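Visitor: Hello! Could you walk me through some strands here and how they pair?

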Amino acid sequence: MKLELGKVYIQDIRFADASGIADGVLSVSEEAAKSLVLEDEKISHVEFSIAKPGESVRITPVKDVIEPRVKVEGRGGVFPGIISKVDSVGEGKTIALKGMAVVTAGPIVGFQEGIIDMSGPGAKYTPFSQTLNLVMVCEPVEGIKPHDYERAVRFAGFKVAAYIGELARDLTPEETEVYETCNLAEEIKKYPDLPRVAYVQMLQSQGLLHDTYVYGVDAKQILPTILCPTEGMDGAIVSGNCVSACDKNPTYVHENNPVVADLFAQHGKTLNFVCQVITNENVYLADKERSSNWTARLCRMLDLDGVIVSQEGFGNPDTDLIMNCKKIEAEGVKTVIITDEYAGRDGKSQSLADADPAANAVVTGGNANQLILLPKLDRVIGTLDYVTKIAGASQDTLHPDGSLEVELQVLTGATNETGFNLLSAR
């Protein structure tokens, strides 16, 4: 499949009477955006704010981060099975609004929702301090169940992102990148002397607000399968989870997966990027065995020389990660795993909950237990009412002077396990 990804760069965001994009400035009609969100009867109120890099602004509790995109040519539409009809995507032409994001926030659903600081020491750890953020804070109706509220806010975020993306439909992109792969027979003939490499992406799917969706289907319900990597660029994979903020994959990361980008950059040069394999992270041992067995078999059937495996989350998913690694290696396929560490605040504890000698090529996204002091910022978008409940915080987190002493866990994307972050180690 061939996808042309056009990029329209947003230099500023402002509120206006009418929505539109001109000269790199995104104008947003609050009234139009609010009406979209309040179509869902489960949301009682929504407020929009703008947060820009360098401002003294803290956003919390953050639920998802989404990059607006629009499908201008080809099958399907963005966020298939969520916003658009269920149709295969990943080919044709898509336009992405670069340099900005839609951020959903609001009263806490799961205790693992996070923080984005737009300035100060916390901004150094979250990639979303560098985007122009249109933040929507949603209030639920009284008595709503957590799963219903999570779904309402998730869908509201995608609706607003699709609305913003649609504004770029008739614009001429400043830059266009072309991605093409996935015809397995042709790729073998084209690059017979290059190692055949695939990307195995583990999707968080433990339930209890730990969910990822593929074409609108909860990943708990899937068996490992093959995707063309361009499908994620059209929003075929979206976040619906509240795992620890530091290593959660917001939808923005699925749209801009750096493993996919780096493999495409080397495709036809140093390696043959064959495909993307998605697998899930389940709770029960039998489910873990089933998925890892199937993943390893797919890697063998594809006659791969190597794979990169990325994880989402920690603890229980460490078992899935190591199972995938050792079973794929047992099929004669070399693996590199990407994870992060929970090595204690002193960095001396065991980094992963599981291990195996086959896991001898590891990339780390950093130690999520590392302590950091976040100074008080001038403005909070959302609320600090739940800041002591976020994973990586404690009852002693909020100091009298308004500063926060927390672990990196609380910062959205700080130790992201696709490498969409600023930390690693040698």
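Guide: Gladly, and one term comes before the rest: two strands pair if DSSP finds at least two bridges between them. Strands (E, at least two residues) and helices (H or I, at least four) are DSSP runs, numbered from the N terminus. This is a predicted model, where local features need pLDDT of at least 70, side-chain atom pairs count only at pLDDT 80 or more, and totals for chains, interfaces and linings use all residues. Residues are numbered from 1 along each chain as its sequence is written, and side-chain values use heavy atoms, with hydrogens and water left out.

Visitor: Which residue stands opposite Thr-225 in β18?

Guide: Strand β16 spans residues 225–227 and runs antiparallel to β18, joined by three bridges. Within this pairing, the residue in β18 that faces Thr-225 is Ile-278.

Visitor: How many bridges join β13 to β18?

Guide: Strand β13 covers residues 196–204 and runs parallel to β18. Val-200 stands opposite Val-277 in β18. The bridges joining β13 to β18 number nine.

Visitor: How many residues of β18 are buried?

Guide: Buried means under 20% relative accessible area, with exposed over 50% and partly exposed in between (1.4 Å probe, protein chains only). Strand β18 takes in residues 272–281 and is mostly covered. Its buried residues number ten of ten.

Visitor: And in which sense do β9 and β11 pair?

Guide: Strand β9 (residues 100–105) has six of its six residues buried. Its Met-100 stands opposite Leu-132 in β11. Over six bridges, β9 and β11 (residues 132–140) pair in a sense that is parallel.
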